[in-house]
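Good morning, everyone. I would like to take a few minutes on how the elements of one model are arranged, so please have a look at it first.

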Amino acid sequence: MKNVLITGYRAHELNIFSQKHKGIAFIQKAITNKLIPLLEEGLEWVITPGQYGVDLWACEAVITLKRQYPNLKLSILTAYSNPEESWKEDKKTYFQQLLGGVDYYASVTKGEYEGVWQFTARDELMLRKTDGIILVYDEDGGVGSPRFMKEKAMRKAQADGYRYISIASDDIQSIADEENFREMEDIAIHEELS
């Protein structure tokens, strides 16, 4: 796989309303864990729609991975120009900072938001330009925006072998449990030494 699409839930769908939320690090770790084997196989590009949530957290994880894998490239393809204009100031600042680590940034349609067709055009382009998808989506978590991308990716997988890689809440929870266990071990060791 040379090019992979990463997307998933928007922040509000996960009830994450702050960049300081502890869950973001666990999501990024889950994404990193899926990317490393792909990088070892020759992954070159990560492409994301750049919406606030999993998309941008994935960008942050990729930017970190680029230190270890300098040939890795990152692209954000938005549905329309300046999607961040309606965001709160802290989210805009975060987005602008991430753009410094992005190798290619463009919108699929020129101009401002006009309609849902722009998202459809963006999704079709990203699916055409990638060999597989890493999707942060939980079937049991109720309906969310990633459901539509999963349906499109699964159709493409059946038609031409498009690779579908899932990150579900269980994957993220096991990373959180592992981190919490490590913290508890560290505390116990520290108390023994005191």
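I will begin with the sheet and then turn to the helices.

Please keep in mind that this is a predicted model, in which local features need pLDDT of at least 70 and side-chain atom pairs count only at pLDDT 80 or more, while totals for chains, interfaces and linings use all residues. Residues are numbered from 1 along each chain as its sequence is written, and side-chain values use heavy atoms, with hydrogens and water left out.

The sheet is open and has 6 strands in the order β4-β3-β2-β1-β5-β6, with parallel pairing; strands are DSSP runs of E of at least two residues, helices runs of H or I of at least four, both numbered from the N terminus, and two strands pair if DSSP finds at least two bridges between them. At the edges stand β4 (104-107) and β6 (163-167), each with a single partner strand, so one side of each has no neighbour in the sheet.

Helix α5 packs on this sheet and touches β1, β5 (132-136) and β6, where contact means heavy atoms within 4.5 Å. The direction of α5 makes about 155° with that of β5; axes are lines fitted to C-alpha atoms, for helices over the stretch in contact, and angles run from 0 to 180 degrees between N-to-C directions.

Finally, helix α4 (residues 117-129) packs against α5 (residues 146-160) at an angle of about 40°, their axes being 11 Å apart. The contact is made by Thr120, Asp123, Met126, Leu127 and Arg128 of α4, together with Met149, Lys152, Ala153 and Lys156 of α5.
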